[in-house]
Amino acid sequence: MVPVVQANGLEIFYAESGQGPPILWLQGLAAEHTAWSAQLARFGAQYRCIAPDSRDVGRSARVRGSYTLADVAADAADLLRHLDAVPAHVVGLSLGGAVAQHLALDHPDLVRSLCLVSSFARQGARQRELLRAWRDIYARVDLVTFYRQANTWLFSDAFFERPRNVENVLRYVAASPRPQEPDAFARQVEAALTHDTRERLPALRLPVLVVSGEQDMLAPLRLQRELAAAIPDARREIIPGAAHALNLERQIDFNRLLHAFLREVGS
């Protein structure tokens, strides 16, 4: 049986593995749930891992018209309710971290803790310009070409020193079972551009870990400092030498930080 639920009126695909306290894993722009594979393998031994494809991504439904990240958070909230997986620890990377913020703010009873990875409370001016450029480029080139340039924003210099790293990422991209269509990508970009939780974040009352890569250009440290500073008692960790996609590039370091945080927070 295909793991799909009707969440917030949409068919949302998800992967589930493991047993224990639930963790909801939310990925970034255009990324399918499989981008969490290293973490799902590591944490499935102790936790019930639930990793959806966001609306407009992977095997989940495409939509008509614009939406906000609060709408995407409502999808996730309905998914958790359907699966009786509340309250859940929520781990969100980049745009997934932005969705996680809305989930905790709008549905606080569903969230046990937050881990915000390479994320932000708003887009900076340079990031906004980059997203608009990506929206246009995505519609004009093939998927592998798009990610050849996008990867230069996602990974560190050290990552590119090993050609096999680049080959593996591009092979993963080329094997995507359902690549995101340009209009779906554009809708997700527009939702990202409207995200701004700065005034609401002080209302959060739960354990929060903000994990940053020292070399992140896509969500630079100043934006991640702003995010952490807006959340009462948020803990912040910086992984030296890491860039934006630190869950892939620095799996051991990231997994260790997250495991320690979850152990301290408890179920």
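Predicted model: local features only at pLDDT ≥ 70, side-chain atom pairs only at ≥ 80, totals over all residues.
Two strands pair if DSSP finds at least two bridges between them.

- Strand β7 spans residues 208–213, and six of its six residues are buried, so the rest of the structure largely encloses it.
- In a regular strand the side chains alternate between the two faces of the sheet.
- Both faces of β7 are covered. Val208, Val210 and Ser212 are buried on one side. Leu209, Val211 and Gly213 are buried on the other.
- Leu209 of β7 is the bridge partner of Cys115.
- Leu209 also has a bridge partner in β8, namely Arg235.
- Strand β8 covers residues 235–239; five bridges join β7 to β8, and these strands run parallel.
- Together, β7, α9 and β8 form a right-handed β-α-β unit.

- Helix α4 runs over residues 125–138 and has 14 residues. From first C-alpha to last, α4 reaches 20 Å, close to the 20 Å expected at 1.5 Å a residue.
- Which residues of α4 are buried? They are Gln127, Leu130, Leu131, Trp134 and Tyr138.
- Why do they lie on the same side of α4? They cover an arc of only 100° around the axis, and this puts them on the same side.
- An α-helix has 3.6 residues a turn, so residues three or four places apart point the same way.
- Ala125 and Glu129, on the other side of α4, are exposed.
- The cover over the buried residues of α4 includes α5 (143–154), α8 (182–193) and α9 (221–230).

**Nonpolar cores**

- The largest nonpolar core has 68 residues. Leu24, Leu103 and Leu114 touch the most other members.
- Not counting residues up to four places away in sequence, Leu24 touches Ile50, Pro52, Ala76, Leu79, Leu80, Ala88, His89, Val90, Val91 and Leu103.

- Asn151 sits in helix α5.
- Is Asn151 buried or exposed? Asn151 is buried, because its relative accessible area is 2%, and buried means under 20%.
- Leaving aside neighbours within four places in sequence, Asn151 is in contact with Phe160, Val169 and Leu170.

**Backbone details in loops**

- The peptide bond from Val86 to Pro87 is cis, with omega near -5°. Pro87 is in the loop between α2 (69–82) and β5 (88–93).
- Asn8 has phi near 55°, a positive value in a residue other than glycine. Asn8 lies in the loop between β1 (4–7) and β2 (10–17). With a relative accessible area of 36%, Asn8 is partly exposed.
- Ser94 has phi near 55°, again a positive value in a residue other than glycine. The loop holding Ser94 is between β5 and α3 (95–106). Ser94 is buried, with a relative accessible area of 10%.

Technical notes:
Residues numbered from 1 in each chain as written. Heavy atoms only, no water. Helix = DSSP H or I, 4+ residues; strand = E, 2+ residues; numbered from the N terminus. Expected span 1.5 Å × (residues − 1). Buried < 20%, exposed > 50% of the residue type's maximum accessible area, 1.4 Å probe, protein only. Arc of directions from axis to C-beta. Contact = heavy atoms within 4.5 Å. Right-handed = clockwise from strand over helix to strand, strands pointing away. Core = buried A, V, L, I, M, F, W, Y, C linked by side-chain atoms within 4.5 Å.
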